[in-house]
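Here's a quick tour of one structure, from a helix pair to the core and the ligand site. Have a look at it first.

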Amino acid sequence: MPDAVYVRDAFARIADRYVLTNHVLSCGADIWWRKVVTSRIKRWKPARLLDVASGTGDLALEIQDACPECEVVASDFCAEMLRHASDRGLRETVIADALNLPFPDGGFDVVTVAFGLRNMADYPAALREMRRVLKPGGRLVILDFSLPAGLLRGPYRFYLHKVLPRMAGWLTGQRDAYEYLGGSIEQFPSGTKMCELLETCGFESARSDGLTGGVVSVYEGTNPA
Ligand SMILES: C[S@@+](CC[C@H](N)C(=O)[O-])C[C@H]1O[C@@H](n2cnc3c(N)ncnc32)[C@H](O)[C@@H]1O
């Protein structure tokens, strides 16, 4: 499981180049992945949404723009990342550890976490904490990397472990942070394993949808009513 001190420090070091580096390394696909999640959420018309591990706020900003009637709260334990979210126009930001959220039970219609859960020290504890702050019947949406199946898996792994850290090193000067990325994706539960984990943590109707050949997946679970 990832070490929280290393993770916070790594994101503080790459915060200034994080958004640009994401767009370059994914060839812009990360913008589309967040739009897919946002369009799903927009249909639910949430009144209050919490974006956990919001970082520079890319997903939260997309939702804030698409759902003007929704109060969007963004939290992250890395102040350097969250400062970019505020500077880019995110109205409500809270510095907080996802394992100990400073919110009362049942206050949010939707909780989102994009590319964040994978970096947390205890996945079940984080998922239970996200469920705690959801209203009964509220939904959790997770967007994160997964490993594609079939023919794409080999070339993708080569890109992930050999090409991406080198390119990210040039862009950020922090190659080690991106060597960590490949390892974190390899050990992160995906597909049915993630759905099982969600159900173990008390969510129901867990589902998983792969995007871009399975390079990323969107997971959804509902807090029982
Ligand atoms: C890869 S970034 C994702 C940022 C953003 N959600 C996005 O889609 O670009 C991961 C973020 O998770 C945050 N993070 C990791 N573990 C955390 C924890 N335990 N509590 C709060 N934030 C955490 C990091 O600080 C970092 O900003």
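## Helix 2 against helix 7

L20, T21, V24 and L25 in helix 2 meet L164, M167, A168, L171 and T172 in helix 7 (contact means C-beta atoms, placed from the backbone, within 7 Å; helices are DSSP runs of H or I with at least four residues, strands runs of E with at least two, both numbered from the N terminus). That contact splits into 7 nonpolar, 2 polar and no charged residues, where Ala, Val, Leu, Ile, Met, Phe, Trp, Tyr, Cys and Pro count as nonpolar, Asp, Glu, Lys and Arg as charged, and the others, Gly among them, as polar.

All this comes from a predicted model, where local features need pLDDT of at least 70, side-chain atom pairs count only at pLDDT 80 or more, and totals for chains, interfaces and linings use all residues. Numbering starts from 1 along each chain as its sequence is written.

## The core

The largest nonpolar core has 58 residues, and A60, V111, V113, M130 and L143 touch the most other members. (Such a core is a set of buried Ala, Val, Leu, Ile, Met, Phe, Trp, Tyr and Cys residues joined through C-beta atoms within 7 Å; buried means 20 or more other C-beta atoms within 10 Å of a residue's own, all placed from the backbone.) Strand 5 (residues 134-145) gives the most to this core, with 6 residues.

Setting aside neighbours within four places in sequence, V111 contacts L50, V52, M130, V133, L134 and L140.

## Around the ligand

Among the 21 residues around the ligand, A53, G55, C78, A98 and A114 come nearest (near means a C-beta atom, placed from the backbone, within 6 Å). Helix 1 gives the most to this shell, with 4 residues. The shell's residues are 13 nonpolar, 4 polar and 4 charged.

Key
Contact = placed C-beta atoms within 7 Å. Buried ≥ 20, exposed ≤ 12 C-beta atoms within 10 Å, placed from the backbone.
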